[in-house]
Amino acid sequence: MLYDNTGAAADTNAMYAIATGNLLTHFGKTELKPVADYTDAMVENYDAAVYIGADHRVPLPQAFLDDVRSTDKPVMWLGRNIEALAGPDDAQNAQFRDKYGWDPRAATTVDSSKVTSVEYEGEKVHRETQGAPELVVPFTGTTDKVEVLATSQCTERGKPTSCMPNGSPEAPWAIRSTNLTYLAEVPLDYIDANDVYLVYTDLFYDFVGSDAPAVKQAAVRLEDVGPASNPKDLRRVAQDDVDGWKDRLDAGRSVMEHAGLGEPTIFETPHYGGSVNSYVAMAREYDARYEQGDYYASILTEQPSEAGKSYNQQFPFTVSDIYGGTVYPENLGNIPEGEQNNHAARTPEFLVSRANANLTVRESTASFFFHPYLDIEYLKKTVTGIKKLGYEFRPVTELK
């Protein structure tokens, strides 16, 4: 996993790299490196390489460019700087066109505000337009050597609109030619609603050659259960069975054990917010976390953590994140009765719609949490809707 670590966007690039690296751990061991540290033939030491091109002002090492052009290893390239791969002269550019079937120097851009969805595997997937200001379209027209994996759909006021020089309302969003996979953007902004994040995730299966079978798995967590919880509420939920930090961490575990609740093995960070040190401590003390997580640019930049330089990530499947621990996915949120924590009220129907979006990933997960003091009908509606999508509820430790 290669990223730019210089320039004004270094912090953002670090967060993108961490997020992608976290996803890739689902498929195997992952290493994050600044592209500036790339050395000759480094790619040959790995099964595959991903480069995040989020800053067009950063020069790339010649060794990296040469190796990408010559290697047989799978390479995924996101967003900017793809024109550097075409080479500095016409002869090298011609070699690239001959091998890959397209010309990065002829790439065009599309205004991000026009691309409201991406077509993938026959389905239109929602795209948030507030992330990247523009998309880099690798080519126009058709070419026999390129497989278009996903297509941008341009609309204006809900109707198809021209966004390409040829007048087309469609443009390649993800393509593959020989061993090179290219994406028109870095789809890692607004991921709680930007479903192209899910397309990005699903592309990794074929990219790394994963033969994992498709699954539809679901889980629910009972939230804010404590000494003041009403036992009747807890029994009511349990009977329905949804249809059918180091000293501080040790102290918390002891409380659970002394209460006769057994030794906890999975941790949830309060309000999903912790420091780097606390997350590392959790990974050492517990088998896993079940949650969404906060990740900080400082992990890679080695600079003090600052507000605005962190990234909250939800996962479509189980990962082993950069802190060294297993993370079981919670990716739907919860059902509040009103606005909560600066979030608008979410209904069971909304959670079910997000579960439906998660079907974009072949190992689909629909996982949420519920407060037992709420009307149990909320829980029943959510579970029923998720089951109708084909999901099967299972213990969290069985989530793939």
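The lining of the second largest pocket is made up of 14 nonpolar, two polar and four charged residues. In this count, Ala, Val, Leu, Ile, Met, Phe, Trp, Tyr, Cys and Pro are nonpolar, Asp, Glu, Lys and Arg are charged, and the others, Gly among them, are polar. The pocket itself has a volume of about 500 Å³. Of its 20 lining residues, those closest to the centre are Lys 29, Thr 30, Tyr 46, Asp 47 and Ala 48. Strand S3 (49-53) and helix H5 (196-208) are the elements that give two or more residues to this lining. Helices (H or I, at least four residues) and strands (E, at least two) are DSSP runs, numbered from the N terminus.

The model is predicted, with local features needing pLDDT of at least 70 and side-chain atom pairs counting only at pLDDT 80 or more, while totals for chains, interfaces and linings use all residues. Residues are numbered from 1 along each chain as its sequence is written, and side-chain values use heavy atoms, with hydrogens and water left out.

On a 1 Å grid over the protein atoms alone, a cavity is a set of points where a 1.4 Å probe fits but cannot get out, whereas a pocket is an open set with protein on both sides within 12 Å along at least five of seven lines; lining residues have an atom within 4 Å of a point. Grid points are joined across faces, edges and corners, and a volume is the space filled by probe spheres set on the points. The largest cavity holds about 40 Å³ of space. Its lining includes Ile 191, Asp 195, Tyr 197, Gln 314, Phe 315 and Arg 354. By class, the lining of the largest cavity has five nonpolar, three polar and two charged residues.

Turning to the sheets, two strands pair if DSSP finds at least two bridges between them. Strand S13 (residues 215-222) is joined to S21 by two bridges, and to S20 by eight. Gln 217 has Glu 392 in S21 as its bridge partner, while Ala 218 stands opposite Ala 366 in S20.

Four bridges link strand S15 (residues 288-291) with strand S19 (residues 326-329) in the parallel sense, and Glu 291 stands opposite Pro 329 in S19.

Helix packing can be seen where helix H2 (residues 62-70) meets helix H4 (residues 90-100) at an angle of about 35°, with axes 11 Å apart. Axes are lines fitted to C-alpha atoms, for helices over the stretch in contact, and angles run from 0 to 180 degrees between N-to-C directions. The contact (heavy atoms within 4.5 Å) involves Asp 66, Val 68, Arg 69 and Ser 70 of H2 together with Gln 92, Lys 99 and Tyr 100 of H4.

Finally, the structure holds one disulfide, a pair of cysteine sulfur atoms within 2.5 Å. Cys 154 and Cys 163 form the link, with their sulfur atoms 2.0 Å apart.
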